[in-house]
Amino acid sequence: MKITTVSVLTIILTYTKACSQERNLLIFEKEGVYLHTNAKRSNQDTTIPGFIRVVERAGVPALEWSPLEDEGRSAPAVLYTKKDGEGGEEDTHFDPGYEPDWAVISTVKKDREHVPVRDSGQWSFSLPLSELYSLRRARFSLGRNFLVLTSRGGHPLPPLHFHRGGTRELFRALQRYIILDQSPVDGRLFLAYPCDSGALSQSFDKLQLLDEGGSDLVMRFIHDPYATTFGGFSKVTNFFRAALRPPDSQVYSRTAQDPSLPPQSDEEPGFELITCGVELGPRPDVTRGQPLDKWEEFLDPEGRVKNPEKVKELVFKGGVTPPLRKEVWKFLLGFYPWNSTAKEREDILRVKTDEYFRMKVQWKSVSEEQEMRNSLLRGYRSLIERDVSRTDRHNTFFSGNDNPGLTLLHDVLMTYCMYNFDLGYVQGMSDLLSPILFVTQNEVESFWCLTGFMELLHQNFEESQEAMKHQLIQLSILLKALDPELCDFLDSQDSGSLCFCFRWLLIWFKREFSFEDILILWEVLWTRLPCDNFHLLIACSILQSQRGELIGSDHDFNTILKHINELTMKLDLQSVLRGAEAIYQQLIQCKELPIKVQQVLGLYIPSSSEEDSPDSQTSETQRLLAQSQAEAASCSSASGPTYP
């Protein structure tokens, strides 16, 4: 076979007549993957059904696609060649079949002698994973996913449309061999890197994106922790650890490679440098208060709450007594406005009850035949039924078979799918509802309280996981300011990404504390005091409470995950809350608190004009800090601080 060489790395799609004599290993296979050869040309076939596979051929992993009619023949090949001066005809009209809004498409040269235009076999390919540069995952309005692959030469292959699903499974198979790192600019774009994260850091270093020691930063962004951490840390294997750990080699140093280059700042992209040079000052002692046990005295004659901020402060300091939770929670979760009268609340309940049952009828009236043609609703119901059967079954309200509490849990979650069909149901939402349903013991009230709770957490359950990644970054910023030594230790054990905190943040520690403790913890967090991200300070409090156990032992990646997982039901909530509040007071009293930390705590929110004028940021920041410090100082002799 004649191979046409070109001036750049190029893809030539052709047939392979002979089978390889080497041992081949099939890793992944999916039928129903259609290749769109040219979506914009009506005079040609635009879709070809086929198989997508991840295979090892002679030990080399590759991604392959072949049409159904080619089954039985050996896999086609993608041939790569370097520039050697030979010519070749260029096709400047190559159309990848999609809008190239994310890459510059170079011209592609084909060997037309061996690639008949009408033959579906011309589109078969086998792409070594070492030559894969990126994958772009997108979805048509009909809900079908498609992928566009691009080689390291910059050339896109025709789009692959997954008519029967399977993109997630394909990603998991690919991640056995490569790292798929989501682009910070385009959430649909994934860049492919070798699992050797040291090499990844080297390539970033050559682009001057990272400085010395960049591999630790890379590790923070390559995790896909949802399935691993939510299901249980025991599923994290040595293979997962090996895939994340950088090789034991000398860290690549840009200045060592080229002494003529100027030294770079140690600041990582997207982060403000936080070093142990920041003097935080002593951490104050904090005491908890008594739970809110009087409600009527906070209501005026018409039933309005006279001093909502005082109520929130009392709840933050001590929680709510069980008899009052049913009423107070409806205010904390936004079901009732704080300034509503008793008569207005009766009207709200009547309207919300009608609205709830209208939504409930929508899914209750769907026949079995209709549901068979509605895969989304069928999928939501299946997930809900599975999760309801195992949610808080130790609690008497949900224990036993044919329990009416389980029926309510199921019905409220199904109705939420009608309320927010875009999000639908995601594993973990049953954990959020069960305490609310236990307290209200009312179907309608628990539903609307759940919607209020989901207003705070809905981004945690979105498929992109951007909110979860952002929170882990914020947690890392806080921990680095509070305890650089602990951060360094976790980094040294490949745990600097804090992926073991994923479940904590996803469902707000629901599985880390007892059921009764969760009722207290959540009502404290719902006050939004002393800051919106107080749950991150709770995570810091837990981690710092374990620093002696972590640093003073021979923990590695696996045993750190195991140790954190075994903290479940062993943590003292009041101690954790005292620690988190003390951390907050310690941070706001620091006069040189890094801007990134201020942003996490909500102390520094620049306006549009301030973003254009960095010098104007200082005065507003100092004003907020001075205000917080003054409030903390004025209350130092009292039982506790009053938060804005």
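Student: Which residue lies over the face of Trp448?

Tutor: In this predicted model, Lys352 lies over the face of Trp448, at 4.1 Å from the ring centre.

Student: And where does the charged end of Arg345 sit?

Tutor: The charged end of Arg345 sits over the ring of Tyr336, and the distance to the centre of that ring is 5.9 Å.

Student: How many aromatic pairs are there in the whole structure?

Tutor: Searching the whole structure gives 24 aromatic pairs. One of them joins Phe335 and Tyr336, whose rings are stacked, with 4.7 Å centre to centre and 20° between the planes.

Student: Are Phe335 and Tyr336 buried or exposed?

Tutor: Phe335 counts as buried because its relative accessibility is 5%, and Tyr336 is buried as well, with a relative accessible area of 6%.

Student: What sort of pair do Tyr419 and Trp448 form?

Tutor: Tyr419 and Trp448 form an edge-to-face pair, with the centres 5.7 Å apart and 85° between the planes. Tyr419 belongs to helix H12 (residues 404-419) and Trp448 to helix H14 (residues 443-457), so this pair ties together parts that lie 29 residues apart in sequence.

Student: Which residues are in the cluster with Tyr419 and Trp448?

Tutor: Ring pairs link Tyr419 and Trp448 with Tyr356, Phe357, Tyr416 and Phe447 into a cluster.

Student: Changing topic, how many disulfides are there?

Tutor: The count comes to zero disulfides. Cys499, for instance, is in no disulfide, because the nearest cysteine sulfur, which belongs to Cys501, is 8.3 Å away, while a disulfide needs the two sulfur atoms within 2.5 Å.

Student: Is Cys499 buried or exposed, and what about Cys531?

Tutor: Cys499 counts as buried at 5% relative accessibility, and Cys531 counts as buried with a relative accessibility of 5% too.

Student: Now helix H19: what span should it have, and how far apart are its ends?

Tutor: Helix H19 (residues 534-545) has twelve residues, which at 1.5 Å a residue should span 16 Å, and its end C-alpha atoms are 17 Å apart, which agrees.

Student: How many residues of H19 are buried?

Tutor: Helix H19 is mostly covered, since eleven of its twelve residues are buried. Among them are Phe534, His535, Leu536, Cys540 and Gln544.

Terms used:
Residues are numbered from 1 along each chain as its sequence is written. This is a predicted model: local features need pLDDT of at least 70, side-chain atom pairs count only at pLDDT 80 or more; totals for chains, interfaces and linings use all residues. Side-chain values use heavy atoms; hydrogens and water are left out. Buried means under 20% relative accessible area, exposed over 50%, partly exposed in between (1.4 Å probe, protein chains only). Rings of Phe, Tyr and Trp (its six-membered ring) pair if their centres lie within 6.5 Å; planes under 30 degrees apart count as stacked, over 60 as edge-to-face and the rest as tilted. Helices (H or I, at least four residues) and strands (E, at least two) are DSSP runs, numbered from the N terminus. A charge sits over a ring if NZ of Lys or CZ of Arg is within 6 Å of the ring centre and within 35 degrees of the ring normal. The expected span of a helix is 1.5 Å times one less than its number of residues.
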